[in-house]
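Dear colleague,

Please find the structure below, with a summary of the findings after it. I would be grateful if you could read the two together.

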Amino acid sequence: MTDRSPATPAVPSRGRLRPLGLDEVQITGGFWGRRQQINADVSLAHIEHWLDKTGWAGNFDLAAAGTLPEGRTGREFSDSEIYKTLEAMAWEIGRTDDAGLETRFRSLVRRVAAAQEPDGYVNTQFGRPGQAARWSDLEWGHELYCIGHLIQAGVARARTRPGADDGLLEVSCRAADLVCQTFGPDGVVGLCGHPVIEVALAELARVTGERRYLEQASLFIDRRGHQLLADVEWGRSYYQDDQPIRAATIFRGHTVRANYLAAGAIDVAVEQDDPELLDIVSQQWTATVARRTYITGGQGSQHQDEGLGEDWALTPDRAYSETCAAVASVMVSWRLLLAEGHSRHADLIERTLFNVIATSPSWAGDAFYYSNTLHQRRPGSVPPKDEVCPRAASSLRAPWFAVSCCPTNVARTLASLAAYTATVDDDGVQLHQYAPASIRTRLSDGRVVALDTTTGYPSNGVVTVEVAEDAGAPYTLSLRVPAWAAEATLVDQPRDGASVMSLVGPGTVTVTRDFKVGDRVELTLPMAPRLVEPDPRIDAVRGCVAVERGPEVLCLESTDLDLDAGSLSDLRIDPAVAPRDVEGRVVVQLLVADDEPTDWPYSADGPHAPRDVLAIEATLIPYHDWANRGPSTMRVWLPT
Ligand code: FUB
Ligand code: ZN
């Protein structure tokens with residue numbers, strides 16, 4: 001084991017900021033605390049139920065019994081859902097020490113371990129008589145992808161329960177050893193059609209101190225882009241095998257693949273002290289955020305290949321915006337934040353968390369969005385509670401999908417979420433995401449950091465940080481001021497002294513002091529709703545505005561309108577009337593048009609001009625809340 005391996009998803013050995021473990025930072029309530037609780041109480045059990053019901057977990061039992069391929073169910077990557085569930089459970093056990101969950105975790109690990117072959121190979125779809133040979137379909141087989149998720153689960157367990165005797169880390173290492181042996185410098189010159197093995201191996205190297213895993217990750221990254229994978233319908237850019245990562249200028253192809261690859265490349269760049277590679281990926285991130293990202297932080301505008309699409313092609317009613325892509329994007333932004341320390345990375349994490357990851361699960365935690373449209377034109381139908389949804393683009397949240405990558409990805413993210421909220425460096429502590437929280441840690445020289453954060457964020461913008469223990473010497477407390485927070489205020493309130501208030505702008509604000517018990521720092525972010533205009537190059541929403549409040553993107557849902565569902569197309573917002581906050585509800589003025597269908601919706605005589613017949617007030621809701629009250633239509637972008 002390395003010296004310092006906090007219980008947290010990414011532990012770079014160098015970088016601008018250092019992550020904290022789940023034993024050092026906890027979310028204690030509020031918006032995210034509630035979601036963590038639902039994840040623990042409902043979603044995890046729901047996922048386990050479906051893994052058994054679909055037979056995807058049972059595939060491992062069949063493998064152990066030696067009866068495969070008969071009876072195998074699920075797609076070629078279904079093993080990965082068991083691994084992501086194990087990862088989610090490992091973080092959750094680290095977070096709450098839940099004995100019942102520990103028992104369930106161990107039982108699932110046993111089923112996986114029993115299916116592992118003596119040489120370390122583990123996969124229920126390949127390699128047996130009657131199945132395709134191992135590694136015979138690198139383009140689509142997902143074998144390395146599945147092992148990547150297995151490794152991530154092993155890493156989570158090793159970090160949250162170092163030395164535990166359940167065996168998951170050992171299973172992961174045996175599989176990783178086989179990967180290194182098979183695909184190493186003297187092995188098969190191949191790579192996986194779906195990246196994730198790279199980021200997993202890099203993290204396994206960190207947790208075990210075994211450099212060969214990092215070298216294998218680096219080899220996989222360097223191999224990609226040289227057309228080692230076959231050409232496919234959407235071109236090799238689909239799996240980023242069209243050009244080497246160092247030659248690319250923007251994320252492209254399949255969105256989840258692109259982001260997982262970038263996360264792995266950052267890890268490799270950091271561990272191999274390769275600032276050039278780090279800078280290249282960082283610039284790709286900047287370009288992708290600037291031209292290929294929805295207002296929600298979601299990415300991926302193409303349904304056909306789950307791909308990022310072209311610059312500015314961000315059509316709201318065809319938004320794919322896969323939940324997994326948001327999870328992967330958070331992984332990338334987090335790694336860049338740790339490496340470079342820029343608040344813009346935390347800004348995107350916040351936007352993505354509140355507006356994609358929080359959107360996916362239902363309020364109850366037992367149904368999920370896979371793709372996250374920004375405009376629902378027809379009210380959806382309620383998916384049956386006990387059936388697998390065949391489509392990613394379900395109109396209402398579905399309990400499970402034929403390809404069910406997203407629920408497990410949400411579960412592992414929510415269980416480990418506290419880790420993404422704060423970091424330390426040699427000068428002090430940095431708060432990146434705001435939630436009621438507790439931080440107990442020491443800086444490298446022993447100074448005590450003990451802070452309790454209270455906040456109603458995002459319902460209100462007041463974040464109060466109170467010192468719970470004397471520091472012993474001065475340190476710097478940094479707080480992120482989000483890019484949208486034009487006029488924030490900071491009040492420094494020493495327990496025994498006069499308060500000092502200052503106006504602060506977006507970026508980072510700092511207070512440096514010898515913090516004593518009872519000292520407080522209070523950041524107040526402006527939470528008035530604001531109209532947001534798109535870049536005119538995003539053709540699909542030119543002439544529209546969206547409304548945001550704090551970190552939340554809002555939407556208009558037909559449920560809140562006294563109109564027939566389906567008539568959102570007849571509404572315009574009056575941008576001259578600013579959105580108002582009415583006792584916590586955001587109210588806008590809408591104009592209803594008498595818009596009879598025309599025979600032909602195009603005209604050489606100028607645009608068709610519907611007549612406004614009515615002005616109404618309507619309540620907007622946070623986008624993440626939509627479709628929780630039955631079938632509805634919805635839009636984020638409102639025509640002006
Ligand atoms: O291919 C495995 C996963 O399934 C991808 O990451 C998702 O986009 C979905 O296609
Ligand atoms: Zn997914």
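In what follows, a residue is near a molecule if one of its heavy atoms lies within 4 Å of it. By that rule, the residues around ligand 1 are Phe77, His142, Tyr145, His194, His254, Val256, Glu306, Glu322, Tyr370, Val403 and Cys405. Sorted by class, this shell comprises six nonpolar, three polar and two charged residues (Ala, Val, Leu, Ile, Met, Phe, Trp, Tyr, Cys and Pro count as nonpolar, Asp, Glu, Lys and Arg as charged, and the others, Gly among them, as polar).

The model is predicted: local features need pLDDT of at least 70, side-chain atom pairs count only at pLDDT 80 or more, and totals for chains, interfaces and linings use all residues. Residues are numbered from 1 along each chain as its sequence is written, chains are lettered from A and ligands numbered from 1 in the order in which they are written, and side-chain values use heavy atoms, leaving out hydrogens and water.

Polar contacts to the ligand are pairs of N or O atoms within 3.5 Å. A polar side-chain atom of histidine 142 lies 2.8 Å from an oxygen atom of ligand 1. For histidine 194, the distance from a side-chain N or O atom to a ligand 1 oxygen is 2.7 Å, and a polar side-chain atom of glutamate 322 also lies 2.7 Å from an oxygen atom of ligand 1. Ligand 1 taken alone exposes 270 Å², of which the protein buries 94% (Shrake-Rupley method, 1.4 Å probe).

With a disulfide taken as a pair of cysteine sulfur atoms within 2.5 Å, the count is zero. The sulfur of cysteine 555 is 14 Å from the closest cysteine sulfur, in cysteine 544, which is too far for a bond.

Yours sincerely

Notes
A polar contact is a pair of N or O atoms within 3.5 Å; within protein, one must be able to donate a hydrogen and the other to accept it, and residues adjacent in sequence count only if both atoms are side-chain atoms.
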